[in-house]
Amino acid sequence: MSEDAAGSAGDRDRGPADDASHDDEVGTVFLVGSGPGDPDLLTVKAARLIEEADVVLHDKLPGPEILGEIPESKREDVGKRAGGEWTPQEYTNRRMVELAREGKRVVRLKGGDPFVFGRGGEEAEHLAEAGVPFEVVPGITSAVAGPAVAGIPVTHRDHASSVSFVTGHEDPTKEESAVDWDALAATGGTIVVLMGVGKLPAYVAELREAGMDPETPVALVERATWPDMRVATGTLETIVDARDEAGIEPPAITVIGEVAATRERVIAFLRNADPTDPGGDGA
């Protein structure tokens, strides 16, 4: 039964995963997207599930304010950080199953949306193979929200009728990249790269070699909606220097295409351009 089909408030609060956990005395795992980090952008359902959870297994991206509201007694960090501390995915998979089999109500909390480069698909398959009931709770993906709060629409009637989402951090065990930068350069649309700060020089070079204009606007949005959000802008030719000058670090999103220039045209009136401004929408 979907939430839309539920006939009462009680039905809306209980999905098929809840029924399975009741019948089998196995807990439910909720794969929850927390959005880009601003607690005001957390969905109502995500907030409720976090509050009701016995355990919250979280990554590094939900944002400090969201994580700060979760009691330490039920919070477990299973996050990954490029070049830093790292929790093997196998451990996270095993931990979800262990907790569910103990009858726990488990929230697997992720930044953005769990199915947009969040390994949510892998975790869903693992839970299904282990016979553990689960539910997916979508979140606002940072691939759209990150550029948006910086004043950059990923599509625009005058500039881009398509958008491609790309990971800048593929599985290191792959023999070769699955990203076809030549094809992306030929689309004429917006390219949004997640987790691509470190490999920025490599893929901007590939796009230029594929024929993309060196003057194509590019923007980097670091920690979008967080209190310490930062933005750097430039072109395919200058963005690496702009990144280094601004000190942009992960987590950040790269926006490549004519839409990136929109920021400069709206910045003077964009109230959430500075998340620390108490009068802005991003406060």
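Predicted model: local features only at pLDDT ≥ 70, side-chain atom pairs only at ≥ 80, totals over all residues.
**Aromatic pair.** The partners are Trp181 and Tyr203, and their rings are stacked. I read 5.2 Å from centre to centre and 5° between the planes. Next I checked where the partners sit. Trp181 belongs to helix α8, residues 181-187, and Tyr203 to helix α9, residues 200-209. The pair therefore ties together parts that are 22 residues apart in sequence. Buried or exposed? Both Trp181 and Tyr203 are buried.

**Helix α9.** I stayed with the helix that holds Tyr203. Its buried residues are Leu200, Tyr203, Val204 and Leu207. I looked down the axis of α9: these buried residues fall within an arc of 100°, so they line one face of the helix. What covers them? The cover includes helices α8 and α10 (239-246), along with strands β7, β8 and β10. After α9 comes Gly211, and its phi is positive, near 105°.

**Helix α7.** I then turned to residues 142-149, which make up α7. In this helix I found Ala143, Ala145, Gly146, Pro147 and Val149 buried. Over the buried residues of α7 I noted a cover that includes strands β6 (163-167), β7 (190-194), β8 (217-222) and β10 (252-256). Just after α7, Gly151 has a positive phi of about 85°.

**Cross-check.** I compared the two covers.

Definitions and conventions:
Residues numbered from 1 in each chain as written. Heavy atoms only, no water. Phe/Tyr/Trp six-rings, centres within 6.5 Å; stacked < 30°, edge-to-face > 60°. Helix = DSSP H or I, 4+ residues; strand = E, 2+ residues; numbered from the N terminus. Buried < 20%, exposed > 50% of the residue type's maximum accessible area, 1.4 Å probe, protein only. Contact = heavy atoms within 4.5 Å. Arc of directions from axis to C-beta.
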